[in-house]
There are 2 protein chains.
Amino acid sequence: MTTTVLSSATREVKIGFNEPFVIIGERINPTGRKILAEEMKAGDFSRVESDAIAQVAAGAHMLDVNAGIPLADEPAILAQAIELVQSITDVPICIDSSIIEALEAGLVVYQGKPLVNSVTGEDEVMERVLPLVAKYGAAVVAISNDETGISEDPDQRFDVAKKIVERAADYGIHYSDVIVDPLVMPIGAVNSAGKQVMHLVRRLREELKVNTTCGASNVSFGLPNRNGINSAFLNMAIASGMTSAITSPLHPEVMQAVRGADVIMGHDPDCANWIQAYREPLPAGGEGGAREGRRRRRRKA
Amino acid sequence: MTTTVLSSATREVKIGFNEPFVIIGERINPTGRKILAEEMKAGDFSRVESDAIAQVAAGAHMLDVNAGIPLADEPAILAQAIELVQSITDVPICIDSSIIEALEAGLVVYQGKPLVNSVTGEDEVMERVLPLVAKYGAAVVAISNDETGISEDPDQRFDVAKKIVERAADYGIHYSDVIVDPLVMPIGAVNSAGKQVMHLVRRLREELKVNTTCGASNVSFGLPNRNGINSAFLNMAIASGMTSAITSPLHPEVMQAVRGADVIMGHDPDCANWIQAYREPLPAGGEGGAREGRRRRRRKA
């Protein structure tokens, strides 16, 4: 029963086979968000702050922080964003960059044990990222592609993941600190995308014994009612063994799917979280209505 | 790749590992519906008619018909209800009774190949139901309990299912005409209910190679936001190999979950059904708006 333990200065989050599903909020990412990119580049982090607070309030267990802005000082901006997010929330962070100097700048300022996003199966990338992960005692997201690109064959992607886990071990990184992203294709373009992920997640869990994560919303790219597809996908990936996802917690449908999956997996004892999130408010004047402390409210999600 | 073919006089429905998920509408059942029970007993089938039409319109692929009313002439009422439903819809029917004479009365009037609901692993029940199923060339729902009741151990339930499949073979009924119900417990009472079903469905599919069905809404008994739990459960059961369910298609959330599951399983080529169900209406005056035949409408679900 593999468990990956991440932490902030004051809080621990476990990703694991026997744990509730972990949502890593994806919103703090300037890719495709022009206004956020301009603000961050100009040193205005007000939207980073409000995105962090909103995602945690909506149920994110961790936050991804990315500062990938063209022609900007990414290491400095990423470090600043991480310090800010850590000062206003207590959830662990996923430090997200394709630039090694930015990852290190984030790791230097981070308080606790973060998740580094990401390493691929490319030799050059592994040689640069894995020593950093080891040096700072972090965990890492392993993306199952290499120099040859992303294979359409999930078993080839499994082999890439295996190579990364083995290479990580050479640097002293335990497999429980490697979280594999099986890579989710848009199902509108690749009809077998869902089955590929389910097959691969199962193999990753049973054979490599690693935790898994994914950019869940990719699956619905180009389709109407994306949250409907994303919800079905998440439930089905969780049934196949997926243990976390990098996605937006701001959609009540998606959060409901994840809470429902926790119930079905047996990871919500007595359905306590489900009941807290969805119980009906008592009618005014009914039992508890008179006692303020017992008032039941529907949690905003 | 097992396929169970059911039919009405004019239409065939396939339940199978490589087919879209099949929803068997559960509403035509007087159990717990006092008004419906009184009406059916008095020969008023207007609600049976409207329930049949509403469920097919909402997306049911088959209809369960039950006439279990205390102190009523169940065989006659069931036969009459089946003839009525077959006269106004073209979907195959699941003939549902615990009384052997009622099952036979339904089978006598039925046009096509129906599903008989149900046989258990009790010797006496198998000896009475299976010859009927064989005689009328029907398929049958096999419920995985026997004289000792319902085991909490899914592997014991597997053994009961195996016994029924083998006994059916003795009567010349092919395993593809036995659809096993693994039995779904309320997860508010049995925390492992979801995992039990997922484990059992996988074994039934991989080892016995049979299709599966269940009374899906049992899982959420006693919990708030039941459709939320039912949706998550259905998606996760489908990911584990479940191929049909006896449930209500009248909840848009549940139908969305099932359509989403078809997409993720690769059983909705080009996501055509999904897009038809959920595409955005074109703005008035936009492309297609002027041409009546191309007008896009959101399908009621």
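Helices (H or I, at least four residues) and strands (E, at least two) are DSSP runs, numbered from the N terminus. With that in hand, hello everyone, and let's walk through this structure.

This is a predicted model, where local features need pLDDT of at least 70 and side-chain atom pairs count only at pLDDT 80 or more, while totals for chains, interfaces and linings use all residues. Residues are numbered from 1 along each chain as its sequence is written, chains are lettered from A in the order in which they are written, and side-chain values use heavy atoms, with hydrogens and water left out.

Let's begin with the sheet in chain A. It is an open sheet of 8 strands, in the order β9-β8-β7-β6-β5-β4-β3-β10, with parallel pairing; two strands pair if DSSP finds at least two bridges between them. At the edges sit β9 (211-212) and β10 (244-247), each pairing on one side only. Further in, β6 (residues 115-119) and β7 (residues 139-143) of chain A pair in the parallel sense over 4 bridges.

Chain B has a cis bond between Asn117(B) and Ser118(B), with omega about 20 degrees. As a reminder, most residues other than glycine have a negative phi, and most peptide bonds are trans.

That brings us to two residues of chain B with positive phi. Lys209(B) has phi near 60 degrees and is found in the loop between α7 (193-208) and β9 (211-212). Cys271(B), with phi near 55 degrees, is found in the loop between α9 (252-264) and α10 (272-278). Which of them is buried, and which partly exposed? Cys271(B) is buried, because its relative accessible area is 1%, and Lys209(B) is partly exposed at 40%. Buried means under 20%, exposed over 50%, and partly exposed in between (1.4 Å probe, protein chains only).

Finally, how do the chains meet? The contact (heavy atoms within 4.5 Å) takes 39 residues from chain A and 39 residues from chain B. About 3,000 Å² is buried between them, with carbon and sulfur atoms giving 66%; buried area is the accessible area (1.4 Å probe) that two parts lose on being put together, summed over both.
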